[in-house]
Amino acid sequence: MEVRGLVKRYGELTAVDGVDLTVNAGDVYGYLGPNGAGKTTSLRMMLGLIRPSAGTVRLFGRDPMESVTALQGVAGFVEAPTFYPYLNARRNLELLAAYDGHDAKRKIAAALDTVELSDRAKDRVGTYSHGMRQRLGIAAALLRDPKLLLLDEPATGLDPAGMRDMRLLVRRLADQGMTVLLSSHLLTEVEDVCNRVAIVRSGRIVYEGEIATLKRGAGTSYRLETTDDTLALRICGAQPGVTDARLNEHGRITLTADEPAVTVLSQALVEAGALIKALAPETVTLEDLFFSFTEGDGVAPGPRPPEPAHAT
Amino acid sequence: MPSVATVYRWELFKLRFQKRTYLGLGAAILVPILFVLAIHFRHHHGHGDFAFAGYLDRSGLAVPLVVLLFGAVWLFPLITALVAGDIFASEDHNGTLKTILTRSLERWQLFAGKTLAASTYAIVAIFLCGTVAVIAGSIQSGFNSLQSLSGTIVSAPKALELVYVSLLVYLMPIAAIVCIGLLLSTITRNSAAAVVGTLMISLVIQLVGILPGLGGLQPYLLSTQFNAWQGLLRTPIDWTPIIRAAWVCALYGLPALFGAFLVFIRRDVAGG
């Protein structure tokens with residue numbers, strides 16, 4: 001899937017502002033952003049449900065706004081998956097299979113099995129829990145035998161067990177060779193299953209790339225305790241290769257630096273008389289990076305900034 | 001690729017599970033029965049001043065014709081609007097529009113299938129009502145000959161045939177109401193607003209007809225076309241109101257249908 005310069009305006013409001021992203025075959029791609037960042041609007045345009053104000057979407061080279069045939073090999077859902085509440089799950093899937101044509105109907109039993117809903121297939125969807133509807137949404141997508149699966153916040157609203165099951169399901173589908181794009185604001189979900197991410201803020205992409213690159217680029221964060229933290233903080237500020245040194249909410253110094261810079265820093269601290277009580281690396285999580293991109297000035301921490309954001 | 005017939009079949013299937021379908025069809029069955037009961041238990045056996053009023057006691061075949069006469073005011077527009085006004089709006093309400101529009105289905109196919117289903121429901125409702133009225137009326141007043149509006153006597157079998165052809169003619173303004181219902185359903189995306197709106201439009205058109213100084217508009221009002229079938233009950237048959245009904249109803253219905261189509265084809269599916 002290639003998205004170039006995608007824009008959606010509603011009057012004065014620009015919900016999606018020049019989004020560029022590329023999802024390659026085999027990717028499990030996380031589309032990350034806080035609520036209201038424009039994720040769902042982007043997905044609607046990717047599925048041809050709403051017309052972009054500008055820009056293009058290409059699914060396997062086809063424009064979903066031109067014809068529904070562009071959605072061949074593509075499936076998914078936007079917001080919560082929705083079904084006819086007065087029909088049972090099997091009937092709902094039969095309807096969707098009929099609208100898919102070909103031999104989609106023959107896949108219903110297998111799809112229900114995959115999402116573990118076979119024993120509830122004859123119950124009206126109106127009686128389903130949120131989690132069951134999410135799973136039925138995946139089953140509905142599987143009827144299309146998709147190569148690309150677009151899922152909008154698939155784990156939102158699920159209990160912890162449901163979230164875990166959903167992650168495992170997405171992972172399993174990805175292992176079977178399916179390309180997945182999932183939008184989410186649940187960072188654990190994305191970090192666990194995705195290899196690449198786009199982080200979107202106020203309708204703009206502020207980072208696109210591999211999670212590993214993003215983390216590497218952010219450098220390593222350290223926690224420092226000394227006999228004289230005021231002096232230590234001053235030394236950190238003057239030390240080449242050490243950035244973002246500050247007192248955190250617990251009154252401890254945190255800083256970002258690479259390994260050689262930390263070695264030099266520890267020597268400088270000792271020489272200045274600020275004896276080190278603790279100097280320990282702290283793992284940078286996707287969550288830390290997410291907040292650094294989506295809050296404040298939107299600049300990622302670290303001595304080596306990640307590859308340039310694709311904001312346009 | 002799925003066809004319009006596929007959509008049509010599934011839309012009919014879905015209608016079987018919706019309360020409003022049974023509400024409308026139930027009204028189509030109940031109203032003639034209640035009407036016949038009212039004839040049976042009425043104390044005063046005088047004749048009203050409407051067509052076939054004098055024959056209600058003598059031929060059950062007068063009952064469907066009188067039901068058609070009175071049903072035009074709000075009963076049939078309401079029954080029709082119940083499904084036509086809901087058929088797109090409910091997809092918005094349930095959020096299912098996005099589900100079906102991300103399958104291998106073009107929007108025009110969905111529109112055509114839904115339009116056919118709403119029309120089928122309206123046809124079934126009218127003929128069900130007419131048939132129940134014939135049966136209930138015949139039980140009450142007998143399956144007897146009928147006096148036409150020209151004063152000639154029409155045999156019972158011929159009168160039955162004319163009743164069913166009258167139902168067919170009645171479908172022309174009903175089809176226009178279906179189209180208006182579909183338009184409001186796509187525009188408002190709200191089932192209640194579309195149903196009530198369709199009924200209101202029907203009632204307002206009737207009110208226009210009784211406003212002083214607007215009598216010249218009467219032949220071109222949609223409400224007037226609900227009486228076109230009366231041309232069949234004249235000897236010889238008066239085709240003028242029927243032919244006028246055909247083009248007047250088309251003037252009301254086709255722009256509404258085309259508008260609904262354009263709105264549905266071009267709209268953003270942002271909610272449903």
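Author: Start with buried: a residue is buried if 20 or more other C-beta atoms lie within 10 Å of its own, exposed if 12 or fewer, and partly exposed in between. This is a predicted model, and buried residues make up 47% of the 272 residues in its chain B.

Reader: What makes A:E116 buried, exposed or partly exposed?

Author: A:E116 has 13 C-beta neighbours inside 10 Å. Exposed needs 12 or fewer and buried needs 20 or more, so A:E116 counts as partly exposed. Its place is the loop between α3 (108-114) and α4 (130-142) of chain A.

Reader: What is there to say about phi in A:E116 and in B:R189?

Author: Most residues other than glycine have a negative phi. A:E116 is not a glycine, yet its phi is positive, about 55 degrees. B:R189 is likewise a residue other than glycine, with a positive phi near 60 degrees.

Reader: What kind of peptide bond joins B:T235 and B:P236?

Author: Most peptide bonds are trans. The one between B:T235 and B:P236 is cis, with omega about -5 degrees. B:P236 belongs to the loop between α10 (222-225) and α11 (240-266) of chain B.

Reader: How do you know how α2(B) and α7(B) are oriented to each other?

Author: The axes of helix α2 (residues 19-41) and helix α7 (residues 107-141) of chain B cross at roughly 20 degrees and come within 9 Å. Angles under 35 degrees count as roughly parallel, and therefore α2(B) and α7(B) are roughly parallel to each other. Their crossing is right-handed. The contact residues include B:A28 and B:V36 of α2(B), and B:L128 and B:V132 of α7(B). By type, the residues of this contact divide into 15 nonpolar, five polar and no charged.

Reader: How do you know whether the radius of gyration of chain B agrees with a compact globule?

Author: A compact globule of 272 residues would have a radius of gyration near 19 Å; chain B has 20 Å, so the value agrees. Its C-alpha atoms fill a box of roughly 60 × 40 × 35 Å along the principal axes.

Notes
Residues are numbered from 1 along each chain as its sequence is written. Chains are lettered from A and ligands numbered from 1 in the order in which they are written. This is a predicted model: local features need pLDDT of at least 70, side-chain atom pairs count only at pLDDT 80 or more; totals for chains, interfaces and linings use all residues. The radius of gyration is taken over C-alpha atoms; the globule rule is 2.2 Å times the number of residues to the power 0.38. Axes are lines fitted to C-alpha atoms, for helices over the stretch in contact, and angles run from 0 to 180 degrees between N-to-C directions. Helices (H or I, at least four residues) and strands (E, at least two) are DSSP runs, numbered from the N terminus. Angles under 35 degrees count as roughly parallel, over 145 as roughly antiparallel, 65 to 115 as roughly perpendicular and the rest as oblique. A crossing is left-handed if the near helix is turned anticlockwise from the far one by less than a right angle, and right-handed if clockwise. Two residues are in contact if their C-beta atoms, placed from the backbone, lie within 7 Å. Ala, Val, Leu, Ile, Met, Phe, Trp, Tyr, Cys and Pro count as nonpolar, Asp, Glu, Lys and Arg as charged, and the others, Gly among them, as polar.
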